[in-house]
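These are my notebook entries on a single structure. I set out to look up a few residues and to record where they lie and what they meet.

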Amino acid sequence: MGTLRLLIPDWQGGNKPAYYFGAKMLDTLVPKNTEQEQIEIAVKKPTIEVTRENGVNSQSDVLAHVEQTAKVLAEKQPDKVITLGGTCLVSQAPFDYLHGKYQEKLGVLWLDTHPDVSTPQDYFNEHAMVLGNLLHAGDKRLAAQVKHPLDPKNILYVGLQKMNDYEYERLDQLGIKYQEQPDKPLSVADIQAWIKQNGFTKLAIHFDLDVLSPADFHSLYFAEPGVKDFEAQAGKLSFAQVSEILTEISANNEIVGFSIAEYLPWDALRLHQLFSKLAIFKNNN
């Protein structure tokens with residue numbers, strides 16, 4: 001088939017119920033295309049109750065999401081995959097599938113403030129482990145699902161910021177070359193040079209919205225109302241910078257995978273919560 005759309009409202013991977021709502025909102029924001037089949041992966045509705053297994057929050061739930069997604073991809077055999085999340089974990093099964101399909105022709109652009117190569121020894125939310133999983137590292141239980149592990153040379157970070165000490169160690173262990181981009185992101189020319197140098201004819205793009213600066217775009221983890229202290233570095237890219245990168249790269253390359261993750265529309269969620277309390281929306285009389 002041509003292009004398959006996946007809606008995966010995974011929230012357990014980040015242990016934040018708002019990710020579920022954000023994925024549902026993305027489904028209304030992304031342009032519709034009647035020629036592209038869309039399948040929603042079954043995800044439990046949000047709750048504040050999570051269980052930690054093997055050092056990972058909701059490990060069985062997030063594993064089930066990956067397994068379901070991989071099954072759908074194996075059955076449908078699409079040429080291209082659009083994934084609407086949910087947390088960054090939603091890229092695992094699609095990128096594994098696409099790497100199996102296109103092999104060394106596939107380059108992976110990882111637009112993210114963070115490297116996503118943690119392990120259960122470092123952290124407890126699976127969304128911080130997804131790229132590690134795709135390299136057969138990260139969380140061993142999730143990594144075991146990856147049939148076509150990426151090669152470190154196939155990965156390019158865009159928008160990466162200052163990291164925790166253990167993340168530097170993990171990147172060195174994995175052999176991923178990286179460049180922190182505190183002042184400005186890699187340019188389109190830089191990205192195109194990397195694509196040409198490696199001979200990539202297909203691209204998969206992971207777009208974690210937290211690569212954006214919370215001063216410029218507000219529907220982000222780092223812009224949560226009432227929260228001032230965060231465990232990690234916020235993004236620094238402007239919306240204009242990201243827009244230029246995505247539009248130019250899309251215009252000049254074949255994009256076979258595109259994941260959008262970690263959209264947190266706080267104002268829309270507040271309205272939804274308000275309306276959910278009003279009787280007029282609940283009663284028929």
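Before the first entry I note a definition: helices (H or I, at least four residues) and strands (E, at least two) are DSSP runs, numbered from the N terminus. I also note that the model is predicted.

**Entry 1: D139**

I located D139 in the loop between α4 (130-134) and α5 (140-143). A salt bridge requires a nitrogen of Lys or Arg within 4 Å of a carboxyl oxygen of Asp or Glu.

**Entry 2: salt bridges**

How many salt bridges does a search of the whole structure find? I recorded 12. I looked up several of them.

I began with E40 and K24, whose side chains meet in a salt bridge of 2.6 Å, N to O. E40 lies in strand β2 (residues 37-40) and K24 in helix α1 (residues 18-29), so this pair ties together parts that are 16 residues apart in sequence. E40 is partly exposed at 43% relative accessibility, and K24 is partly exposed at 30%.

I turned next to E104 and K153, whose side chains form a salt bridge of 3.0 Å, N to O. This pair links distant parts of the chain, 49 residues apart: E104 is in the loop between α3 (92-102) and β6 (106-111), and K153 is in the loop between α5 and β7 (155-158). I noted relative accessibilities of 41% for E104 and 43% for K153; E104 counts as partly exposed, and K153 also counts as partly exposed.

I then examined R170 and D122, which meet through their side chains in a salt bridge of 2.8 Å, N to O. R170 lies in helix α6 (residues 165-174) and D122 in the loop between β6 and α4, so the pair ties together parts that are 48 residues apart in sequence. D122 counts as partly exposed, at 21% relative accessibility.

I also recorded a network of salt bridges that links K80, K202 and E254.

**Entry 3: a nonpolar surface patch**

Which residues form a nonpolar patch on the surface? I listed L271, L274, F275, L278, I280 and F281, which together have about 610 Å² of accessible area. I placed L271 in helix α9 (residues 266-275). L271 is partly exposed, with a relative accessible area of 45%.

Is I82 buried or exposed? I found that I82 counts as buried, at 19% relative accessibility, because buried means under 20%. I82 lies in strand β5 (residues 80-85). Among the residues that I82 touches are T3, L4, R5, L6, Q36 and F258. From I82 to T51, C-alpha to C-alpha, I noted 30 Å in space and 31 residues in sequence.

Lastly I looked up N164, in the loop between β7 and α6. N164 is partly exposed, with a relative accessible area of 30%. The C-alpha atoms of N164 and P120 are separated by 15 Å, and these residues are 44 apart along the chain.

Conventions: Residues numbered from 1 in each chain as written. Predicted model: local features only at pLDDT ≥ 70, side-chain atom pairs only at ≥ 80, totals over all residues. Heavy atoms only, no water. Patch = residues over 30% accessible without salt bridge, like charges linked within 9 Å, V, L, I, M, F, W, Y side chains within 5 Å. Areas by Shrake-Rupley, 256 points an atom, 1.4 Å probe, with all protein chains shown as cover. Buried < 20%, exposed > 50% of the residue type's maximum accessible area, 1.4 Å probe, protein only. Contact = heavy atoms within 4.5 Å. Lists of a residue's contacts leave out its neighbours within four places in sequence.
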